[in-house]
Every structure is written in structure tokens, then in C-alpha cells.
Amino acid sequence: MIVAIANQKGGVGKTTTAINLAAALALRGQPTLLIDLDPQANSTLSFLDMSTVSRSMYDAIADGGCSMADVIVESPVPNLAIAPSRIALAKLEAKLVGEIDAHFRLKDRLAAVRDRYPNIVIDCPPTLGLLTVNALVAATHLLIPIQSSYFALEGTDDLLETIDKVRARPNPALQILGVLITMHDKRTSLARDIRGQIQKVFGSKVFKTVITKSVRLEESPAYRESIFSYAPHSSGASEYYSLCEEVIDRA
Ligand SMILES: Nc1ncnc2c1ncn2[C@@H]1O[C@H](COP(=O)(O)OP(=O)(O)O)[C@@H](O)[C@H]1O
Ligand SMILES: [Mg+2]
């Protein structure tokens, strides 16, 4: 299973979901690889000290002499490896202009390590550009986090259009694993309305698990820990664990 976590909106919970889903999968004992495709490197920073990162996904994708195995590093979490990002990734689009295999680079590079990692999670940047398209071409599944907020569904048409394009040619097998409601506030009636709206649009694709607002989820990356070691008894830990079970059931 290669799950891309994508939504071109920023701040909807992509990175929080990528790091904690990857950690939950790793906790179950299977080798898991978290690929950070966002130049802002938030997933990378959630587990690693940047001063220890020498090569990044930029090198793996742009440089023919550098393989995925050359950039992957172990994280402090057992069974969890990271393919780190660096700000250099922001230059990738310009670098690949005109390259005939520009959309297939990640898929091709991943082929060499796929057997080693039964679970691969890809954290995407907040755009629908070349990096996200590379993730969608390489992925078997897509998970879309949607923030429980007034403008929750704004922009989803563009995302669905991109998914249709990717499915039309480069990756017909791409499946929408599900839509995840994040940063939900159970107490407000607005949040309940928004949840209803999201369910109306995406129906059974919406995960039963809803991620509620939690300070612990915000804090854990600063300590370079997943929610499972930082606050194992928090709502965030139990919600991301049950998301992981749903993901495994659906995949
Ligand atoms: N369930 C949550 N409760 C509280 N804060 C959250 C939650 N999920 C994410 N956040 C915070 O919201 C901000 C944006 O989340 P992030 O996962 O980085 O989104 P994205 O990767 O889509 O930009 C971060 O500061 C993150 O810590
Ligand atoms: Mg992010």
C-alpha cells in the first residue's frame, strides 16, 4: 500500500495525518516508509534533526546518480524510516520542466525499495503541482484530509479533477481510500453541519474516524515524537490508531 496524503489547501492536517498514520502502521510491526514531498519539510522535522539530513527527496528525484536507498534514514520510531525533504524540493518543478518522465520520477525511484516497505505514506505539499502529481502517480491509494471549517469543501473540485486526470492515463489503479475530517470540534453545531456537508459530497468515502481538535497533536512534532509516544492516552492517539485500522481494512 502506497498512500498519498493530499489536499492542495495548506493547514488541513496532511502532515499531522501522515506522521501519525505512518507511526501507527509502524507500531503494528511492519516496516513503514514516510516520504516527505513538501519543501517545508514538516514531516521530516517531526522526527529528525535537520542537521543530520544530508540528502533529500530532491536528490532522489532530480539526480540520476542518487537512489531512494541513498536518502532513506531510520527514525527514532521502530520500523519507521523517513525519506526526508529539504527546501531544495521547491526547485524541483523548474528542474524537471521538459523532462519526458517528469510525472513518473517518484514511481520509478520507489520501485527499487517497494519490497522493503509494505507500507509507504507520502506527505504532499499544499499544491496540485508536479510533486503532488508524482505522489498520485506513484500511489496505490489516496487519503484526503479535510479540515472541519466553514470553507471545508472549497477547492475539492480542483483536487478531484486532478485525480481524474491521473486516473485517466498514468495511474488508472489509483483508489480514493477515504476522506478524513480533521480538527473537528464536537461542541459546535457549525462543525456538525460541516461534517454533514462533507458526508453529503463524499458519502461512504468519509472515514468513520474523525480527528478532533487536540493540543497534544499540535505539540508532539516539536518534541520529535508521534502522538503514540508523546501522549499515548490522548484522544489524538486513539483517533489516529482507529484511522489506521480503517485504512488497513479498506486498503
Ligand atoms: N487535530 C488537530 N488538532 C489541533 N491541531 C491540529 C490538528 N491537526 C493538525 N493541527 C495543527 O494544525 C496545523 C496544520 O496542520 P498540518 O498537519 O501541518 O497541515 P498541512 O500539512 O495540511 O499543512 C499544524 O500546526 C498542526 O499542528
Ligand atoms: Mg504539511
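**Conventions.** The model is predicted, with local features requiring pLDDT of at least 70 and side-chain atom pairs counting only at pLDDT 80 or more, while totals for chains, interfaces and linings use all residues. Residues are numbered from 1 along each chain as its sequence is written, chains are lettered from A and ligands numbered from 1 in the order in which they are written, and side-chain values use heavy atoms, leaving out hydrogens and water.**Exercise 1. Identify the backbone contact between serine 214 and ligand 1.**

Step 1. A nitrogen atom of ligand 1 is 2.8 Å from a backbone N or O atom of serine 214. A polar contact is a pair of N or O atoms within 3.5 Å; within protein, one must be able to donate a hydrogen and the other to accept it, and residues adjacent in sequence count only if both atoms are side-chain atoms.

Step 2. The protein buries 78% of the 550 Å² that ligand 1 exposes when taken alone (Shrake-Rupley method, 1.4 Å probe; for residues, only the protein chains shown count as cover).

Step 3. For threonine 16, an N or O atom of the side chain lies 2.6 Å from an oxygen atom of ligand 1. For threonine 15, a backbone N or O atom is 2.9 Å from an oxygen atom of the ligand.

**Exercise 1. Determine how many residues of helix 1 are buried.**

Step 1. Helix 1 covers residues 14–27; helices (H or I, at least four residues) and strands (E, at least two) are DSSP runs numbered from the N terminus.

Step 2. Buried means under 20% relative accessible area, exposed over 50%, and partly exposed in between (1.4 Å probe, protein chains only).

Step 3. After helix 1 comes glycine 29, with a positive phi near 100 degrees.

**Exercise 2. Describe the pairing and cover of strand 2.**

Step 1. Strand 2 (residues 32–36) runs parallel to strand 4, joined by 4 bridges, and parallel to strand 5 (residues 119–123), joined by 5 bridges. Two strands pair if DSSP finds at least two bridges between them.

Step 2. Threonine 32 faces leucine 80 in strand 4 and has asparagine 119 as its bridge partner in strand 5.

Step 3. In a regular strand, side chains alternate between the two faces of the sheet. Here, Thr32, Leu34 and Asp36 on one side and Leu33 and Ile35 on the other are all buried.

**Exercise 3. Locate serine 85 and characterise its surroundings.**

Step 1. Serine 85 sits in the loop between strand 4 (80–83) and helix 5 (92–96).

Step 2. Its relative accessible area is 0%, so serine 85 is buried.

Step 3. A polar atom of the serine 85 side chain is 2.6 Å from the backbone oxygen of aspartate 38.

Conventions
Contact means heavy atoms within 4.5 Å. The expected span of a helix is 1.5 Å times one less than its number of residues.
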